[in-house]
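Dear colleague,

I am handing over the structure that we spoke about, and I would be glad if you could look through it with my notes beside you.

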Amino acid sequence: NITRYNKSLSFLLLLLLISSFTILTAALRTLQPLATQARSSLAMASRTKQKKSSTTTQKPETNKCDVSGLIDPNAPYVDVLSWNLDGLGEGMRPRERAGLAMEEIFDNTKDGRALPDVLCFQEVTPSTIEVLHARLVRNGYVDVEEARIPAGREIPGSYFTKMYLRQAEGRTRRLSSFRQDYPSSMQGRDYLQADIHVPFLGMVRVATTHLESQSPNWQVREVQLQHAVNHLEQVKGSEPCLSLLVGDLNLSKADEKYLPRITRTLIDAFGHDPVPTWDAIRNVNVRRMLGLQTSGGPRCRFDRCFFRKSMEGLQLVRTSLVGIEKDAELDLHPSDHFGIRMRWEGPAGSRQEVVGSDKGQSAAPAEPDVEERRRLALRAAEARLKGEAAARSGEKPEDSMTPAKRKHTASAEEVVDLTEDD
């Protein structure tokens, strides 16, 4: 009996084992498609992640990008450029590089754009200002200040900010300006602001500054930036249609803790495309300054533009970097910084002069437009030619211009240069 019982028990265990194996096999066959599908999904997700990472890493950094749309040639506009020209790099030929910067600004063959209306420079020195000023004045720009070099900055090694307005063709007119040194600065940093009149837009306020360098000085920069924004937003009388703060702000990760609070009422012009402006990968000057032998190193967005607008329909339509190409002869970039350039446009139908936008400002008299200057010069040249012909024939000249007056009157040949850039 015991033997039969053991045999029966063994038979039952065998049946149980066979049944379990059958059930397990069926379950595995059922789950196999699901496992295959899961593995496929994981592989696809991994490839997608790698593709996104590759796209982010290899994204081409363009020099130009549209912000709100295409340029409208019929719309009133204001075009502003800001650039730290690195005038302190004595071992890197600063005067020659200042000349390269001027070539960059006046070379319109790259994109066919008109010249900037406002030029804001940082790290200008007593040596480089001579190069900049001569070229700019020749091409219709005026200094917003009477003194070419600010008081106390005449000695070698000093540097400062500068601002020039394009007055040719009636593009801008200075209303007022002032400069202020930062009391907290140990590096001679300053703030320069100008209110200007732009045809068909009204009053525009432009401020440029150079904040304290180096990451550990973030607390000094915080005080300086707050000082700059306070000045920018201080309005007596009519609100400017556009207010902007541009320059080398030297912002680093350490500044992110206070930046949103101070600039909460302003817009970052390059927020849509935050490309580096001090870039060891793309700029040979930075690599040489840091002693790097190969392309690589830090990439920082030191140069910024923050703005606010009060005019309805005024839009930022284009931003771009300036000075991204190396000069083959010098084997240098114009500066260790790339410049930043912005263009704002008003509504296309607003081409009627804005009245009252600069009320209460001490406006300088408007310069005569190019056509009027051309007519006056041609008239003077014709009168002179008639006088010379009359003198040769013994007749009395029709005009009574003295030689001194003729000396300061443009000839017919000189008129050609009134609208041409070098």
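Below are the notes, going from the whole chain to single residues.

Please keep in mind that this is a predicted model, in which local features need pLDDT of at least 70 and side-chain atom pairs count only at pLDDT 80 or more, while totals for chains, interfaces and linings use all residues. Residues are numbered from 1 along each chain as its sequence is written, and side-chain values use heavy atoms, with hydrogens and water left out.

The protein chain holds nine helices and 15 strands, where helices (H or I, at least four residues) and strands (E, at least two) are DSSP runs numbered from the N terminus. Of its 422 residues, 42% are buried, a word that stands for under 20% relative accessible area, with exposed meaning over 50% and partly exposed in between (1.4 Å probe, protein chains only). The chain exposes about 23000 Å², and carbon and sulfur atoms supply 55% of that area, computed by the Shrake-Rupley method with a 1.4 Å probe, where for residues only the protein chains shown count as cover. Among contacts (heavy atoms within 4.5 Å) with a separation of 6 or more, 76% join residues 24 or more positions apart.

Helix α3 (residues 128–138) has Thr128, Ile129, Leu132, His133, Arg135 and Leu136 as buried residues, and the buried residues of α3 pack against α2 (94–106), β3 (118–124), β4 (141–143) and β5 (160–166). After α3 comes Gly140, with a positive phi near 90°.

Ile340, in strand β15 (residues 339–345), is buried, with a relative accessible area of 0%. Apart from neighbours within four places in sequence, Ser243 is in contact with Arg205, Leu232, Phe306, Phe307 and Arg308.

Finally, Leu9 belongs to helix α1 (residues 2–57) and is called partly exposed because its relative accessible area is 38%. Together with Leu13 and Leu16, Leu9 makes a nonpolar surface patch of about 290 Å². Such patches are made of residues with over 30% relative accessible area and no salt bridge, like charges being joined within 9 Å and nonpolar side chains (Val, Leu, Ile, Met, Phe, Trp, Tyr) within 5 Å; a salt bridge is a side-chain nitrogen of Lys or Arg within 4 Å of a carboxyl oxygen of Asp or Glu.

With kind regards
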